[in-house]
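Subject: A structure for you to explore

Hi there,

Here is the structure I promised to pass on. Please open it and have a look around before reading my notes.

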Amino acid sequence: MKKKEVNLIFFQGILSELEQCDQELVNNAISSLKDAYAPYSGFQVGASILLENGKIINGSNQENVAYPSGLCAERVAIFYASSNYPNIKIIKMAISVQAVDFNINDVISPCGACRQVMAEYEENQNYPVQIILHSPNNDILIVDRVQDLLPFMFKSPHLKKH
Ligand code: THU
């Protein structure tokens, strides 16, 4: 039996320290969260994806009175990207958040289901997707690949590599 270790490298800072193009992506996520349909949770999330062709895809969380039917912002954005630009690499995703009736002081990190979905696209495209997390007080946390957020992701034995 060998002891093994998983290392997590992440970057912490503030929005103004990011390169201009990354600040723009975060600003897209901030604008997108205003389009969230989140009457049940009051928790608005925006996710903006930069594609290899320079296009930016925006998503926000969409809820439903039949609660499990709703979808997180990250999956709204990534499913749209894959549906409309199926063979274009996803370079990075910025995620921002705001709550209607309470303050959020930390960045929020994608839920487990979104991590699994994001990780599979990352795996298929064989190229890391940088994740930029943004909080309402402009704190930033960055990981350079989804895999870092989900070590030991579930991989289908039938998964076809494109
Ligand atoms: N939500 C997201 O959109 N992304 C996350 O990473 C976490 C949660 C949404 C789902 C639901 O509409 C609301 O936030 C409260 O959980």
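Some background comes before the findings. This is a predicted model, so local features need pLDDT of at least 70 and side-chain atom pairs count only at pLDDT 80 or more, while totals for chains, interfaces and linings use all residues. Residues are numbered from 1 along each chain as its sequence is written, and side-chain values use heavy atoms, with hydrogens and water left out.

**A helix to start with**

Helices (H or I, at least four residues) and strands (E, at least two) are DSSP runs, numbered from the N terminus. Helix α1 covers residues 20–33, which is 14 residues. From first C-alpha to last it reaches 20 Å, close to the 20 Å expected at 1.5 Å a residue; the expected span is 1.5 Å times one less than the number of residues.

Which residues of α1 are buried? They are Asp22, Gln23, Leu25, Val26, Ala29, Ser32 and Leu33. Buried means under 20% relative accessible area, exposed over 50%, and partly exposed in between (1.4 Å probe, protein chains only). The cover over these buried residues includes β2 (43–51), β3 (56–60), β4 (90–99), β5 (130–134) and β6 (139–143).

**The nonpolar cores**

A nonpolar core is a set of buried Ala, Val, Leu, Ile, Met, Phe, Trp, Tyr and Cys residues joined through side-chain atoms within 4.5 Å. The largest one here has 29 residues, and those with the most contacts inside it are Ile49, Ile78, Met93, Ile95, Met118 and Ile131. At least two residues of this core come from each of β2, α2 (73–84), β4, α3 (112–125), β5 and β6. β4 gives the most, with five residues. Another core, of nine residues, lies apart from it and has Leu18, Ile132, Ile140 and Ile142 among its members.

Contact means heavy atoms within 4.5 Å. Leaving aside neighbours within four places in sequence, Ile78 is in contact with Ile49, Ile90, Met93, Val117, Met118 and Tyr121.

**Around the ligand**

Which residues are around the ligand? They are Ser41, Phe43, Val45, Asn61, Glu63, Cys72, Ala73, Glu74, Ile108, Pro110 and Cys111, where a residue counts if one of its heavy atoms lies within 4 Å. β2 and α2 each supply at least two residues of this shell. A polar side-chain atom of Glu63 lies 2.5 Å from an oxygen atom of the ligand. A polar backbone atom of Ala73 is 2.9 Å from a ligand oxygen.

- Gln125 is in helix α3. Gln125 counts as buried because its relative accessible area is 16%. Not counting residues up to four places away in sequence, Gln125 touches Lys89 and Ile90.
- Gln44 sits in strand β2 and counts as buried because its relative accessible area is 15%. Leaving aside neighbours within four places in sequence, the contacts of Gln44 include Leu33, Asn61 and Val97.
- Ser109 lies in the loop between β4 and α3. Is Ser109 buried or partly exposed? Ser109 is partly exposed, because its relative accessible area is 36%. Not counting residues up to four places away in sequence, Ser109 touches Arg115, Leu133 and Leu149.

Happy exploring!

Notes
Polar contact = N/O pair within 3.5 Å; in protein donor to acceptor, adjacent residues only side chain to side chain.
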